[in-house]
Amino acid sequence: MTQTDEFGEDLADFVRRVAELKTARSVSSGDLPTVLDAAIFELDHVVGQLWPRYERLTEAGPVRTGASPDRQEQQLLRTVFQRLPLPVALVDKETVVRRLNGAATAFTGVRAGYATGRPLTGFLAHADRAAFRSQAAAVARGEGDRSLTVRLQQQPSVPVHATLAAVRPSGEPRTTVLVVLQPVGPSGPAMPVDPPARQLPDLAETTRHAAVMDLLDAMTTALLTTDRQGALEAAARVLHGRFADWVIADAGSGGLSRTAVLAPPDGDAAALEGQDPADCPLVVESARTGSPALQIRPPDPDALGRTATGAPVLVAADVTSLLCVPLKDGDAVRGVLTLFRCGPRLAFSMAEAQAMDLMSRHLALAMRPRA
């Protein structure tokens with residue numbers, strides 16, 4: 001086995017371990033140090049092992065390693081792919097992202113490392129996913145290039161022209177689909193503006209941290225100034241608007257019952273007020289396990305059930321991220337809070353999920369029956 005093959009296997013193992021770490025993001029706050037230690041260990045492995053090996057392979061050059069002209073051509077094509085000013089992605093027949101170039105990262109707002117291994121349809125509006133998946137499969141089968149108009153979930157008001165073409169990279173066992181994304185202007189697709197080469201630091205993270213601290217203060221005040229019966233609704237009012245577009249409160253230590261639904265101005269709260277929480281798989285799972293759930297671009301549109309008209313709740317509300325948090329008091333779960341963010345609003349972060357987990361425990365204590 002050559003050094004290049006060994007490096008490729010180690011890198012593939014690292015990618016699999018990172019995927020496992022990503023699935024551990026919703027663990028309880030007490031288990032987070034263990035997950036963080038594992039993540040730091042993996043980063044140390046990259047810095048101490050993988051990167052030096054990559055540098056040695058690069059320094060060896062195509063002549064020393066006996067690289068063929070085909071390999072040099074592949075390196076050239078990779079460079080062209082990354083520097084192409086158009087947003088471009090390589091996906092398989094299931095739309096799983098193989099590669100994302102720099103322009104596509106800037107255009108979608110999704111980091112290449114996060115996107116790789118995930119379906120590209122997860123970044124599209126729910127209504128466009130089935131059509132895109134169908135067209136990509138047709139292209140992969142060799143039925144010709146296709147194009148269609150889609151919308152990104154983070155920018156639903158901006159139509160995007162997606163062009164799909166079949167390519168067969170050297171060494172790949174199957175046909176890959178090349179996807180080019182362009183915003184649609186008044187006269188058709190337009191070239192995106194090149195992202196700046198250097199961005200000045202901003203205060204976005206500091207601002208979000210300050211907002212979380214203000215929220216914690218407001219929640220504490222609300223819980224100290226209300227009685228046990230009104231604690232859940234008071235907490236929902238604190239969270240509504242400033243922290244989440246939708247707030248759904250379900251109470252009960254045994255069977256859950258819908259207590260409050262707070263919707264955005266253009267939302268239909270009545271459509272969810274009569275919903276049985278037992279028909280919401282994610283709510284039932286959180287209540288059963290006592291574990292919070294954070295989902296960015298939720299993959300299952302039926303995770304929160306359906307409205308009376310039969311529409312998936314997540315699709316009808318255009319949900320781009322959600323938090324489902326059990327109100328845990330020791331071993332007892334006194335209810336579940338479900339929070340939605342919709343449209344172009346920034347997705348919930350891990351820090352916000354941690355803060356919400358802390359607030360949910362305080363809320364559960366405030367709901368505890370008095371002796």
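For the linings below, Ala, Val, Leu, Ile, Met, Phe, Trp, Tyr, Cys and Pro count as nonpolar, Asp, Glu, Lys and Arg as charged, and the others, Gly among them, as polar. This is a predicted model, with local features needing pLDDT of at least 70 and side-chain atom pairs pLDDT 80 or more, while totals for chains, interfaces and linings use all residues. Residues are numbered from 1 along each chain as its sequence is written, and side-chain values use heavy atoms, with hydrogens and water left out.

View 1. A cavity here is a set of points on a 1 Å grid over the protein atoms alone where a 1.4 Å probe fits but cannot get out, and lining residues have an atom within 4 Å of a point. Around it sit Thr108, Val110, Phe123, Leu152, Gln153, Gln154 and Arg297: three nonpolar, three polar and one charged.

**View 2. Two loop residues with positive phi.** Most residues other than glycine have a negative phi. Arg297, in the loop between β9 (293-296) and α11 (313-316), has phi near 50°. Helices (H or I, at least four residues) and strands (E, at least two) are DSSP runs, numbered from the N terminus. Arg297 is buried at 12% relative accessible area; buried means under 20%, exposed over 50%, and partly exposed in between (1.4 Å probe, protein chains only). Asp318, in the loop between α11 and β10, has a phi of about 55° and is partly exposed at 25%.

**View 3. His126 and its contacts.** His126 belongs to helix α6 (residues 126-140) and counts as buried because its relative accessibility is 14%. Setting aside neighbours within four places in sequence, His126 touches Gln153, Pro298, Pro301, Leu314, Val315 and Val319 (contact: heavy atoms within 4.5 Å).

**View 4. Strand β11 and its partners.** Strand β11 (residues 332-342) is largely enclosed by the rest of the structure, because 10 of its 11 residues are buried. Strands pair if DSSP finds at least two bridges between them. β7 (residues 246-251) runs antiparallel to β11 with six bridges, and Val247 stands opposite Leu339. β10 (residues 319-329) is also antiparallel to β11, with nine bridges; here Asp329 partners Ala332. Two residues separate β10 and β11 in their hairpin, where Gly330 takes a positive phi near 65°.

Note on methods:
On a 1 Å grid over the protein atoms alone, a cavity is a set of points where a 1.4 Å probe fits but cannot get out, and a pocket is an open set with protein on both sides within 12 Å along at least five of seven lines; lining residues have an atom within 4 Å of a point.
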